[in-house]
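Trainee: I would like to learn how to read a few features of a model.
Mentor: Let us open it and take them in turn.

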Amino acid sequence: MSDRERLLVSRFARAIATYEAQATVQREAADRLADLMGARFHVLGPRILEIGCGTGLLTRRLLARFAPAELVANDLCPDMGVCFANVPRVRFLPGDARAVPWPGPFDAIASASAVQWFDDLPAFAAQCAAALPPGGLLALSAFGPATLREVRALTGRGLRCPDETDFAAAFDGLFRPLARERAVRTLAFPDARAALRHLRETGVTATADPSARWTRARLEALDADWRRGFPHPDGGLALTYEPLWYLGARR
């Protein structure tokens, strides 16, 4: 495991108790992904693989909507397994989805707000195609490059996310496109401290410099710069997310 992955595991593990209260956009992304799947996936008792299950925002929707015979819930952070203890029909699979063996085949592979962390989406597409039969469903949501653009502009650090075209292109060679969507969601926070707390409590501060410390002076300077450069129309500070959705059928 790389240092970056260890940092991700550490930060997301610490955010387990706070994630769902803060993950407004991630919840909306999971809801929309389940809706898109519901219009196109009609397999009885399917086997489903979920990549990057986290605390189970999408998992619960998949269980309720599709009544899978088995749902394999994978996450890089092994501590997420506590969220699925004794949940019927769910098998937790810890580890890097790009490296751990998948107990396929599956009827569908789904992932919400996770694959933007992957640096080789075409390789991931091939991995998914190998675990699905012809016609098998791939259903993904991820975040595009406008996500946290305020943080990137103000600190020089942020997520590296594919744009809508590159995201779809990574999968279109092996999957027949069924749906593509994009949205922009801007949250408002009263001050920089609240915005940083939101990021920390969703685990996203894994992208930050671990050696940096937010002193009072640095925080006040960030707050002033944020208000000047990125005010929210309704007051306070703006923080942008750009969710992307992609559904494809295995060719």
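**Reading contacts, burial and helix packing**

Mentor: A word first: this is a predicted model. Start with Glu242, which touches Ala142, Phe143, Gly144, Pro145, Ala146, Thr147, Arg182, Ala183 and Val184, leaving out residues up to four places away in sequence.

Trainee: Where does Glu242 lie?

Mentor: Glu242 sits in the loop between strand S8 (237-241) and strand S9 (243-250).

Trainee: Is Glu242 buried or exposed?

Mentor: Buried means under 20% relative accessible area. Glu242 has 5% relative accessibility, so it counts as buried.

Trainee: What does the side chain of Glu242 reach?

Mentor: The backbone nitrogen of Ala146, at 2.8 Å. Ala146 is also among the residues that Glu242 touches.

Trainee: How do I describe two packed helices?

Mentor: Two packed helices are described by the angle between their axes and the distance between the axes. Here, take helix H5 (residues 121-130) and helix H7 (residues 164-172): their axes come within 8 Å and cross at roughly 40°. H5 is therefore oblique to H7. The crossing in which H5 passes H7 is right-handed.

Trainee: Which residues in H5 and H7 meet?

Mentor: From H5, Leu121, Pro122, Phe124 and Ala125; from H7, Phe167, Ala170 and Phe171. By class, this contact has seven nonpolar residues, no polar ones and no charged ones.

Trainee: Why do residues three or four places apart in an α-helix point the same way?

Mentor: Because an α-helix has 3.6 residues a turn.

Trainee: What is Phe167 in contact with, neighbours within four places in sequence aside?

Mentor: Val115, Leu121, Leu140, Ala142, Pro162, Leu244 and Tyr246. Phe167 lies in helix H7 and has a relative accessible area of 2%, so it is buried. For separation, compare sequence and space: Phe167 and Gln116 are 51 residues apart in sequence, while their C-alpha atoms are 9.0 Å apart.

Trainee: Which residues are buried in helix H8?

Mentor: In H8 (residues 192-201), they are Ala192, Ala194, Ala195, Leu196, His198 and Leu199. Their cover includes helix H2 (19-22), helix H6 (149-155), strand S7 (185-189), helix H9 (216-229) and S8. S8 is also one of the two strands on either side of the Glu242 loop.

Trainee: What should I look at around the ends of H8?

Mentor: At its start, a side-chain oxygen of Asp191 reaches to within 3.3 Å of the backbone nitrogen of Arg193. After H8 comes Gly203, with a positive phi near 85°.

Note on methods:
Residues are numbered from 1 along each chain as its sequence is written. This is a predicted model: local features need pLDDT of at least 70, side-chain atom pairs count only at pLDDT 80 or more; totals for chains, interfaces and linings use all residues. Side-chain values use heavy atoms; hydrogens and water are left out. Helices (H or I, at least four residues) and strands (E, at least two) are DSSP runs, numbered from the N terminus. Buried means under 20% relative accessible area, exposed over 50%, partly exposed in between (1.4 Å probe, protein chains only). A polar contact is a pair of N or O atoms within 3.5 Å; within protein, one must be able to donate a hydrogen and the other to accept it, and residues adjacent in sequence count only if both atoms are side-chain atoms. Contact means heavy atoms within 4.5 Å. Axes are lines fitted to C-alpha atoms, for helices over the stretch in contact, and angles run from 0 to 180 degrees between N-to-C directions. Angles under 35 degrees count as roughly parallel, over 145 as roughly antiparallel, 65 to 115 as roughly perpendicular and the rest as oblique. A crossing is left-handed if the near helix is turned anticlockwise from the far one by less than a right angle, and right-handed if clockwise. Ala, Val, Leu, Ile, Met, Phe, Trp, Tyr, Cys and Pro count as nonpolar, Asp, Glu, Lys and Arg as charged, and the others, Gly among them, as polar.
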